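Trainee: I have a model open and want to learn to read it. Can we go feature by feature?

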Amino acid sequence: MQEDATSSTSGSLPRVAESDAVVARLRAENAELRAELARARASETGLGMDGAAAEDGSWEEAMRLGIGYADDRSSTSGTSAGRLLAQLSGLSKERMKAGRIRDSSDFDYLPRPSADEAQLEADFVRWGYCLVEDAMSPSQVRQQVERLVEQAEAETHQDSAIMTSRNAKAQLVNNLVLKGQVFRDAVEFKESAAQRGPLVDELLTKVMGEGFGLGCAHGSIVHEGGGLQELHIDQGGMPMPYPPFPFGSLIIWVYTEFNLANGATYIVPGSHRTAGGATLFRDGANLVELVDGEPGLVAICAPPGTCILTDTRVLHCGGRRTAPGTRYAMRCHYNRHYIRALHEQSKANLHVPTETWDRLSPRLKQMMGVTVNDQSPTGELPGGRRTG
């Protein structure tokens with residue numbers, strides 16, 4: 001069995017600590033030190049806490065410091081996301097064990113499934129996610145689950161399964177666009193596979209613009225006792241500071257009932273931005289305060305057939321399934337057209353079998369970034385004389 005080493009585009013996630021008390025103490029100390037360090041960096045580099053130019057900055061000082069975008073020295077370093085996420089190490093496990101995660105349905109102001117586009121947009125802006133009601137019909141859900149289970153069993157039998165929890169409690173079936181026409185149709189929002197696919201397509205276009213790409217499309221199978229991840233964001237691989245918009249959107253096609261006991265996705269509603277649009281995920285931010293706010297960490301509740309759209313800046317993670325049985329879902333990460341797919345599964349797009357290539361639509365090829373499938377590329381050639 002393979003084991004999925006990472007769970008998001010945030011990169012390698014921090015290890016879960018053994019002692020909750022030690023974690024809590026160190027987390028508070030680290031948050032205080034990070035805030036102090038961020039203030040010092042802002043003063044030293046001429047950048048404000050949000051990455052904007054500070055009033056007392058100067059070109060001479062910036063030139064003296066030199067290039068520091070990717071070396072963990074600058075407040076705009078590409079590794080800033082990892083430093084911030086370290087605050088949350090072990091927190092999802094700690095809150096789950098303590099019974100401090102509630103169902104989203106306990107809060108009447110959080111998103112509920114809807115087919116009204118204006119309501120869906122309002123939910124996405126305010127809370128960082130929205131729920132498209134009846135995005136798939138029962139027969140469409142059944143067809144995709146059957147294909148997913150069949151593929152998962154075959155991969156297990158040939159020892160190529162990717163297990164994302166110990167003791168085979170959860171399995172990831174990656175790159176579904178190569179593993180069934182029903183998945184290919186759903187990924188590009190055809191009504192034959194998702195009855196409200198055009199509505200989802202319209203919402204994603206409003207988030208990212210025309211021509212957005214596909215980062216991943218994989219099946220998620222979670223049995224009792226599996227599924228728990230660390231809290232993360234889905235654009236953690238992008239350099240900070242972040243602009244006032246997301247780089248992408250993770251969507252989840254809900255195949256079986258989502259709630260706390262069933263291992264639904266945990267999310268911190270509203271952790272993505274302020275009302276003015278500024279991202280809350282910035283250097284020096286205390287992410288634990290976001291988790292401890294109102295409503296805090298919740299499990300998304302949704303019936304089968306729902307499509308969940310998320311802002312890639314919102315804090316979330318896979319939830320632990322405590323109920324008997326199995327949860328099925330498909331997760332698809334989409335990104336702006338100028339961003340190459342960042343997800344750990346995107347490398348599977350580098351080769352597409354010819355028989356599958358012939359079935360891909362032009363749009364799906366564009367989404368995958370494989371508009372050319374050259375089975376016989378020209379390699380290094382010896383020098384020769386020109387003729388003619």
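**Reading the core, the sheet and the cysteines**

Mentor: Start with one side chain. This is a predicted model. Leaving aside neighbours within four places in sequence, tryptophan 253 is in contact with Ala135, Met136, Ala186, Phe189, Ala194, Val200, Thr306, Cys307, Ala329, Met330 and Cys332.

Trainee: Which residues of the largest nonpolar core touch the most other members?

Mentor: The general idea comes first. In soluble globular proteins, nonpolar side chains tend to be buried together. Here the largest nonpolar core has 46 residues, and Ile251, Trp253, Tyr255, Leu309 and Tyr334 touch the most other members. Helix H8 (residues 197-208) gives the most to this core: six residues. Another core, of 42 residues, lies apart from it; Ala81, Leu88, Tyr242 and Val291 are among its members.

Trainee: Next, the sheet. In what order do the four strands run?

Mentor: Strands of a sheet pair through backbone hydrogen bonds, either parallel or antiparallel. In this model the order is S2-S9-S8-S11, in an open sheet with mixed pairing. Strand S2 (102-103) and strand S11 (316-317) are the edges, each pairing on one side only. S8 (residues 266-267) pairs with S11 in the antiparallel sense, over two bridges. Isoleucine 267 has histidine 316 in S11 as its bridge partner.

Trainee: Is cysteine 332 buried or exposed?

Mentor: Buried, because its relative accessibility is 0%. Cysteine 307 also counts as buried, at 0%.

Notes
Residues numbered from 1 in each chain as written. Predicted model: local features only at pLDDT ≥ 70, side-chain atom pairs only at ≥ 80, totals over all residues. Heavy atoms only, no water. Buried < 20%, exposed > 50% of the residue type's maximum accessible area, 1.4 Å probe, protein only. Pairing = 2+ DSSP bridges. Core = buried A, V, L, I, M, F, W, Y, C linked by side-chain atoms within 4.5 Å. Contact = heavy atoms within 4.5 Å.
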